[in-house]
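Trainee: I'd like to learn how to read a chain fold and an interface. Can you take me through one?

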Amino acid sequence: MITMMMLTDILLALKHELIISLIIFLLLFWKIRFDNAHSEILMGLVNALLLVAVLFVWFEPIETLLFNQMFGSNALTQFQKSILSLAMLLISGLSYHWLKNNANRIEFYLLLLSSLLGMFFMISSANLLMFYLGLELSTIPLAAAANFDLEKRKSSEAAMKLILSSSFSSALLLLGVSFLYGCSGTLQFSEMSYALVVSPLSQFGFILLFAGFAFKISAVPFHLWTADVYEGSPVPVTAFLSFASKAAVMFVFVSVLNQVFQSMVQTWFLAISILVFLSIGIGNLFALRQENLKRFLAFSSISQIGYILIGILGDGSQAAASIYYFLFIYLFSNLAAFGVIGIVSEQTGKESISDFKGFYQNNKFLSWVLAIALFSLAGVPPTAGFFGKFFLLIAGGANAYLGLMIFAALNLVVSFYYYLRVVKAIFMDANESPLPKIEFDFTPKIALYFCLAAILLLGFYGPIYEHIVHISKAYSF
Amino acid sequence: MISVGLTHILILSTCLFFIGMYGFFTRRNLITLLMSVELMLNSVNINFAAFNKYLFPEKLDGIFFNVFIITIAAAEAAVAIAIIINLYRSHNSIDVEDAGEMKY
């Protein structure tokens, strides 16, 4: 018998999912009723509702397991969902111009929000079936969104590569899940952690599942689709792919590895060390030679994934906290960089580093935002990116191989070279005909200022890190 | 007369999976690639059904998983075919080799 009290609890536990579903239905009905008319009101409404979803982080969290123990909700998932909602809100704000000139803007929101809904279910999953459903709901709409520039050849190529590699990786992941089910007889995370005995079959199943995860976060031997998809997709979709889909899978990856596969820690410790070595090394090497800014950011995000994976090597909740903190900061630095590139590419069509030579002459504000975002990605001290990387390396340093840590630290220097190459092009390189002054509206300006403030101030605001440590201690493992 | 056991079915499903994977790596036609992926997914279906029937017949977890895999595979194929149709419009071909403008 469901009482009224329980019903409100269920609704509150599902508040993020409900509000995103509400926006999706609103968009569908709006599309049927008004087609593309009044879409500025609609975009304002969607942004306001997304802001509500972000602000849910201050609600008293409800700790519960719903739907036959398939769906868990607690303070940690609430925080993670708000981060992802914030990413969606910022992307929606930063790509305001692009959306205003695009006839299919409602579909853009529909696809990205469905993907966001899938990520929410994936983060909350307490069961492999729910996890798989969330994962697919988050990747299939993204493939359609990658094809958003319907008439561009590169866009359809990118979407083709994304859908084929993601369906291949989910087939691998499913085979792993089926073997794990055969070994343990359950799909429930909490039961599986006890029922799983280390045997060749269960290890094979685990490695396949691991490979599926690594495909989604594009760690190095599984990264081949990343750069092409980033280059071909429209910039807002690339921004969403590079932050939201990586972060959502990362959130689940950390908790699944530590909760479910604690008994196989020796297997995955080695596997992750190899991924870290390859991701940092190859990500950096390829980032050095890129001309296209989106491709450049793709390889830089691969090397960032390597650094995030170092965090997993640390102990329990401290490792988890450092990863959540880094992702929170990475959100602002990454989206600020993509935001500037998106605004420039929407108005001038230029995306390569040589086009940005002398960018500072006419666009002082955008140059500063891009430069500070790149400094934060590189990890230069006053910016928040430094603190993020610092905590990751501290957490990972507890357990990781010494050689690996030295390699990672040395590669930080290499990464400085390619980030600063872009900054040098913007500020120092002479150019006869630099890009003209780029005008942009109020909404993207607010989003850029917000990112800028977060990058500069977050590192000095201690309570956020303490809050993250607190919730990850309480709910991780 | 040997009765069919779990091992036989697992061998069948593993063979199917790797036939699918072989097809995925060697074929160049996008529709065939999609078919190869379906083959891999179906082999996983066999796995789930077999484990459920032989090892854990008291609960229906594996069968439920089958239902969802089939549904999602259909959704995935729908999106993939839409993408392939659009690729055909821009490239006039559905061969993977022809869609290789972006490299390295």
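Mentor: We'll go from the fold of one chain to its contacts with the other. Keep in mind that this is a predicted model.

Trainee: Fine. How many helices and strands does chain A have?

Mentor: Chain A has 20 helices and two strands.

Trainee: What share of the contacts in chain A join residues at least 24 apart?

Mentor: Counting contacts between residues at least 6 apart in sequence, 80% are of that kind.

Trainee: Now the interface. Which numbers do I start with?

Mentor: Start with residues and area. Here 44 residues of chain A contact 41 of chain B, and the buried area is about 3,900 Å², 73% of it from carbon and sulfur atoms. A:Arg153, A:Phe168 and A:Tyr181 supply 17% of what chain A buries there, more than any other three residues.

Trainee: Which residue forms a salt bridge with A:Arg153?

Mentor: B:Glu101 does, with the closest N and O atoms 2.6 Å apart.

Trainee: Which helix gives the most to chain A's side?

Mentor: H8(A), with 24 residues. By class, that side of chain A has 22 nonpolar, twelve polar and ten charged residues.

Methods. Residues are numbered from 1 along each chain as its sequence is written. Chains are lettered from A and ligands numbered from 1 in the order in which they are written. This is a predicted model: local features need pLDDT of at least 70, side-chain atom pairs count only at pLDDT 80 or more; totals for chains, interfaces and linings use all residues. Side-chain values use heavy atoms; hydrogens and water are left out. Contact means heavy atoms within 4.5 Å. Buried area is the accessible area (1.4 Å probe) that two parts lose on being put together, summed over both. A salt bridge is a side-chain nitrogen of Lys or Arg within 4 Å of a carboxyl oxygen of Asp or Glu. Helices (H or I, at least four residues) and strands (E, at least two) are DSSP runs, numbered from the N terminus. Ala, Val, Leu, Ile, Met, Phe, Trp, Tyr, Cys and Pro count as nonpolar, Asp, Glu, Lys and Arg as charged, and the others, Gly among them, as polar.
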